[in-house]
Amino acid sequence: ALETFHRRFRNIEVYSKSKFKIIRKEIVAKIDDLELKNFICEKLSFANEATFRSRLLDLKKDFESILPTYFDVTDYIIKIVKTRNYLVHRSDNKKTFDQFDQFYAARYIECIVRINILREIKVSEDLIHKIQKCNKQQLEGMYIMNKSIKSSIPKIL
């Protein structure tokens with residue numbers, strides 16, 4: 001949802017559309033093999049779009065507004081990206097969230113999408129700030145409570 005929202009309302013391109021069209025045309029023109037040319041054309045379809053990481057980093061201020069102050073926001077965003085890549089692209093699972101923290105990362109991302117939708121429909125920044133503060137307090141409280149419960153329950157098997 002966050003990627004779709006970002007693509008629709010905050011589209012970040014590496015090159016202007018016209019410049020990228022020229023670059024893509026030049027690359028494809030240098031390929032003789034038709035099968036390879038089609039493959040490259042397909043792969044270049046989304047090459048001018050921002051990466052998931054850059055999309056999340058573009059929303060860093062929103063992450064800062066709802067994550068607990070003791071979280072390093074950039075590290076948290078990178079961990080979201082690594083976890084998503086592990087789940088979607090089957091990359092390695094080093095420095096990814098466990099299931100417990102995946103739940104909270106999803107909740108934080110959900111809040112950020114909601115906040116940005118409110119901005120798009122022109123809700124006042126004062127009200128958005130109050131919502132952010134409430135989300136931050138609620139999620140941090142839930143996280144701390146559930147983390148302590150999780151660590152106090154002995155593992156069976």
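**Salt bridges, helix contacts and cysteines in the predicted model**

Arg 10 forms a salt bridge with Asp 58, with 3.4 Å between the closest N and O atoms; a salt bridge is here a side-chain nitrogen of Lys or Arg within 4 Å of a carboxyl oxygen of Asp or Glu. Because Arg 10 lies in the loop between helix 1 and helix 2 (17-29) and Asp 58 in helix 4 (residues 52-58), the pair ties together parts that are 48 residues apart in sequence. Helices (H or I, at least four residues) are DSSP runs, numbered from the N terminus. Arg 10 is partly exposed at 29% relative accessibility, and Asp 58 is partly exposed at 33%; buried denotes under 20% relative accessible area, exposed over 50%, and partly exposed the range in between (1.4 Å probe, protein chains only).

The structure is a predicted model, in which local features need pLDDT of at least 70 and side-chain atom pairs count only at pLDDT 80 or more, whereas totals for chains, interfaces and linings use all residues. Residues are numbered from 1 along each chain as its sequence is written, and side-chain values use heavy atoms, with hydrogens and water left out.

In total, the structure holds nine salt bridges. One of them joins Glu 3 and Arg 84, whose closest N and O atoms are 3.3 Å apart. This pair links distant parts of the chain, since Glu 3 belongs to helix 1 (residues 2-9) and Arg 84 to helix 6, 81 residues apart. Arg 84 is partly exposed, with 24% relative accessibility. A further salt bridge connects Asp 101 with Lys 147 at a closest N and O separation of 3.8 Å. Asp 101 lies in helix 7 and Lys 147 in helix 8 (residues 125-152), so this pair ties together parts that are 46 residues apart in sequence. Asp 101 is buried at a relative accessible area of 13%, while Lys 147 is partly exposed at 31%. Salt bridges that share partners also join Arg 7, Glu 49 and Arg 55 into one network.

Helix 6 also contains Thr 83, which is buried at 4% relative accessibility. The side chain of Thr 83 reaches the backbone nitrogen of Phe 97 at 2.8 Å. Apart from neighbours within four places in sequence, Thr 83 is in contact (heavy atoms within 4.5 Å) with Thr 96, Phe 97 and Gln 102. Asp 98, in the loop between helix 6 and helix 7 (99-120), has its C-alpha atom 8.7 Å from that of Thr 83, 15 residues away along the chain. Asp 98 is partly exposed at 36%, and a polar atom of the Asp 98 side chain lies 3.2 Å from the backbone nitrogen of Phe 100.

In helix 3 (residues 34-43), Ile 40 is partly exposed at 21% relative accessibility. Leaving aside neighbours within four places in sequence, Ile 40 is in contact with Ile 27 and Ile 31. Ile 40 and Ile 27 are 13 residues apart in sequence, and their C-alpha atoms are 8.7 Å apart.

With a disulfide defined as a pair of cysteine sulfur atoms within 2.5 Å, the count comes to zero. The sulfur of Cys 111 is 9.2 Å from the closest cysteine sulfur, that of Cys 134, which is too far for a bond. Cys 111 is buried at a relative accessible area of 3%, whereas Cys 41 is partly exposed at 28%.

Note on methods:
Helices (H or I, at least four residues) and strands (E, at least two) are DSSP runs, numbered from the N terminus. A polar contact is a pair of N or O atoms within 3.5 Å; within protein, one must be able to donate a hydrogen and the other to accept it, and residues adjacent in sequence count only if both atoms are side-chain atoms.
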